[in-house]
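Please view the sequence and the structure together, and return to them as each topic is raised.

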Amino acid sequence: MAAGAPAPRPQVTAVASTPGSATALAGYAIQSTAKVTDSAAAVSSPGYPAAGWYPAGPRSTVLAALLAAGVYPDPFYSTHQQQIPAADFDVPWWYRSDFTVTDTAARTYLDFSGVISAADVFVNGRPIATAADVVGAYTRHEFDVTDLIGEGTNTVAFRIQPNDPRKKLTMSWLDWLQPPPDENMGIVRDVTVRRGGPVALRDAHVVTALAMPSMSTADLTVKAQVRNDSAATVTATVAGTAGPAAVSRSVTLAPGETRTLVFSPADHPALRLSPPRVWWPATMGEQPMYGLDLTATVNGAPSDTARQSFAVRDVQAPLNADGARQYRINGRPLLVKGAGWSPDEFLRWDRTYVEDRLKYALDLGLNTLRLEGHIEPDEFFDLTDRYGILTLPGWECCSKWEGEVNGTEAGERWEPSDYPVSRASMAAEAARLRHHPSVISFLIGSDFAPNEEIERGYLDALRAADWTAPVVPAASDDSSPVTGPSGMKMTGPYDWVPPGYWYEKREGGATGFNSETSAGPDVPTLDTLRRMMSPAELETLWKNPSAAQYHRSPSRTFATLALYNAALAGRYGPPTGLDDYVRKAQLAQYENVRAQFEAYARHAKDASAPSTGVIYWMFNSGWTSLQWQLVDRFLDQGGAYFGAKKANEPLHIQYGYGDRSVAVVNNRPSASSGLTARVTLFTPAGEQRYDRTVTGLSVAGAGASSTALTVPESVAGLPTTYLARLLLTDGAGREVSRNVYWLSTREDVLDYGNSNWYSTPTTSYADLRGLNAMQQTAVTAAASTTQDGAGTSTTTVTVRHTGTGTTPALLTDVHLVGAQGDPVLPVRWSDNQVSLWPGESATLTATYRTGDLRGSAPRLRISGWNTPTATVPAG
């Protein structure tokens, strides 16, 4: 560790005196116990100097604090993370924070969760808990420290124990990325100081029951625990509102007594809402929220308060005739179209960064995010509630969480002390997540379902918390003793397969509910690659297909890009340089991601073995990565992003690799009619070889599809590599969907008999090398930019194919850039990576924060498969 650590900024939190207040500690000073020789009593006492300690934020791992202090270089670049000595984190670390109290008459409580992995806790020099008590990343703890608190400055200190996810019920990174050397040890959720009077109000929540199928009424049941923390018998009145309904009741409590108050429509008729405002996912309706607001008073004075948002919605997830889990939101079947969510590798909370990614998820047409472990803080779920994005949180695989049931995989078997930690973790997360309408399940297993003892502990905790959403025993095709079959499959793939793979109703193909799947690697844009890898590493990336890639995975299975690179060269031809490698990668990722989502959408309404859900693995990575991401660390967008966006557009025309059918999929709520579908096949030079138009098409809404035509198996004059342009127009002749495919008369051949858990071998590749002979074409752009006065700019650009001849401009990409040519990110495009034939144009819009231009004028960088790169003004 670097010598001469900086002195921490003062982290003194002024704690409110108001009954019911909860004040989060503003931050900490931290230091390794290897460098602290003073006693715990001294370290945790007010006035301790903490000389040479490091500042840490209110939610911070040890390494996150050290990175913020500049102790180590950027771990997201090259192999810098390897330079961080893991031995520095093999010993406990101190976290200490000072807070001030002006009123000692009020009771004071310390309330927290998110300690990784365990901690001894001290207040004002006195121990209040040991690491045997405060253990587990998700367990919640409340300590009454009233008798220890004095007027003025007070101190709380945590002696954080090292984390080992093989031995503790905490968090780990599995094979997602190179794990942080500190294994995320620290405090990653708020530690709050709560104040109150003699009676504490806890566990206040609303249980909603929506009348189905009418949705004409909804019953609200309000529950709250009332606890007398004083030494005398008291009478408390609990009163407030739940949505529009007022509730009130008095209760007499003996010293130390706790009672649960229940307010129901039977005794408070206003708790039956008629009609209720019903919460829907973003693609299906609005997201109205209600509020619960309760106050406990004693002798007319407020003693404690409780506030919480909630919503009215109904979630069911029965198994269909094929045993697949079919989600229904407010009675309507929903094809889950989602992706796996990752937090920052160092668990740093950045609300803006999170919100930017959630907006990207909506932009992609996704409706669900799966959180396998790493369950985000409260604000994350507040945002998903607001944006109407469904979530599937649950425990992670391949660590202590599944150590009792996962055979030879990582994670040690459970000891007797682990069972109460698992139950407490489930109780805490259930109480925290139950009121969020965006949470539509909890997965109590991932790769493996729990055994009966563990499962009953989870289910008891969920039941006690009034959990109403479905409980899923595993993300894999597994069963648990009590809950039964999962209704999900985890067949992969996790590494490269060709686009046609997704249309087969076997392995990871489009049938049932696939909880995590994708064609694996995702090579970012050249801009991002240069921000994350050294010149030498970039040279190896394209020159040595079988080289180990540090930015892929610590897993031996996924250490290289060998499968991906073999397919890229086999289908598109060997790369001739870094630019060519990245160019081919974007084309390959576009076609593959598009096919995955298109296949699952096309099969959603099948009479036999329909698809019910797909979770792309993954939505993002926690660091700079070469795999499993629709969007990269810096929020840049490449072929994978725009392939997903194209596949999930509201009204969509698509080509089926499995049977050459051309179908229209309608993701809008209502039916569409009077549509015209046109399919044209071209040589790479743009010479037409087939053209057919079908008019008068109709397609029902809510994910229904309709087949317009089937492309002939053989077309005269069609070369080995060819292009298919699909156009969908409405009754007025307006183009509502355009989709361009690059295809081959020689198909990819898969060896299903030798499939493994992460891929299916390809024995012969489709021949797309004909694309390399496409002539360069000119694409011009005319743009204008407006500002809304609220910090948002919109650039409107019309790109036009102005070249001569017949060759189309394939996958034309528009990047918004600043003065130095760096991408302006995040940005949301109405469409991008469009393919244009001579004379054609497309008008695109980009929305972004004006401040991200850093005072420069916006510019547009135009590029494409066969379009020379040019940068033009966008003023």
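Helices (H or I, at least four residues) and strands (E, at least two) are DSSP runs, numbered from the N terminus. By this scheme, M215 is found in the loop between β15 and β16 (218-228). M215 has a positive phi of about 60 degrees, although M215 is not a glycine. The model is predicted: local features need pLDDT of at least 70, side-chain atom pairs count only at pLDDT 80 or more, and totals for chains, interfaces and linings use all residues. Residues are numbered from 1 along each chain as its sequence is written, and side-chain values use heavy atoms, with hydrogens and water left out.

**The chain as a whole**

- The secondary structure of the protein chain comes to 11 helices and 51 strands. Its radius of gyration (taken over C-alpha atoms) is 29 Å, close to the 29 Å that the globule rule gives for 875 residues, so the chain is as compact as a globular protein of that length. The globule rule is 2.2 Å times the number of residues to the power 0.38.
- Along the principal axes, the C-alpha atoms of the protein chain fill a box of roughly 95 × 65 × 60 Å.
- Of the 875 residues, 61% count as buried; buried means under 20% relative accessible area, exposed over 50%, and partly exposed in between (1.4 Å probe, protein chains only).
- The accessible surface of the protein chain comes to about 30,700 Å², of which 49% belongs to carbon and sulfur atoms. Accessible areas come from the Shrake-Rupley method with a 1.4 Å probe, and for residues only the protein chains shown count as cover.
- Contact means heavy atoms within 4.5 Å. Among contacts between residues at least 6 apart in sequence, 71% join residues at least 24 apart.

**Regions from the UniProt record**

- UniProt positions are given in the numbering used here, feature names are shortened, and annotations may be inferred rather than shown by experiment.
- An unreviewed UniProt entry places the feature "domain: Beta-mannosidase-like galactose-binding" at residues 49-162. Over residues 49-162 the chain is 6% helix and 45% strand, and the end C-alpha atoms are 24 Å apart.
- An unreviewed UniProt entry also places the feature "domain: Exo-beta-D-glucosaminidase Ig-fold" at residues 757-867. Over residues 757-867 the chain is 0% helix and 47% strand, with end C-alpha atoms 39 Å apart.

**Helix α3**

- Helix α3 (residues 351-363) has 13 residues, which at 1.5 Å a residue should span 18 Å; its end C-alpha atoms are 18 Å apart, which agrees. The expected span is 1.5 Å times one less than the number of residues.
- At the N-terminal end, D350 caps α3: a side-chain oxygen of D350 lies 3.1 Å from the backbone nitrogen of T352.
- The buried residues of α3 include Y353, V354, L358 and Y360. The buried residues of α3 pack against β27 (368-372), α4 (378-387), α11 (639-647), β47 (828-829) and β49 (841-849).
- α3 is followed by G365, whose phi is positive, near 80 degrees.

**Two buried polar residues**

- H205 has its place in strand β15 (residues 199-210) and counts as buried at 3% relative accessibility.
- The side chains of H205 and R434 are joined by a polar contact of 3.2 Å. A polar contact is a pair of N or O atoms within 3.5 Å; within protein, one must be able to donate a hydrogen and the other to accept it, and residues adjacent in sequence count only if both atoms are side-chain atoms.
- S486 is found in the loop between β32 (484-485) and β33 (512-517), and is buried with a relative accessible area of 0%.
- A polar atom of the S486 side chain lies 2.5 Å from the backbone oxygen of S476, and one lies 3.1 Å from the backbone nitrogen of M488.
- Leaving aside neighbours within four places in sequence, S486 is in contact with residues including L319, R325 and D477.

**Backbone details**

- A cis peptide bond, with omega about 0 degrees, joins G492 and P493; P493 lies in the loop between β32 and β33.
- The peptide bond from L825 to P826 is cis, with omega near 0 degrees, and P826 is found in the loop between β46 (809-817) and β47.
- L811, in strand β46, has a positive phi of about 50 degrees although L811 is not a glycine. At 7% relative accessibility, L811 counts as buried.
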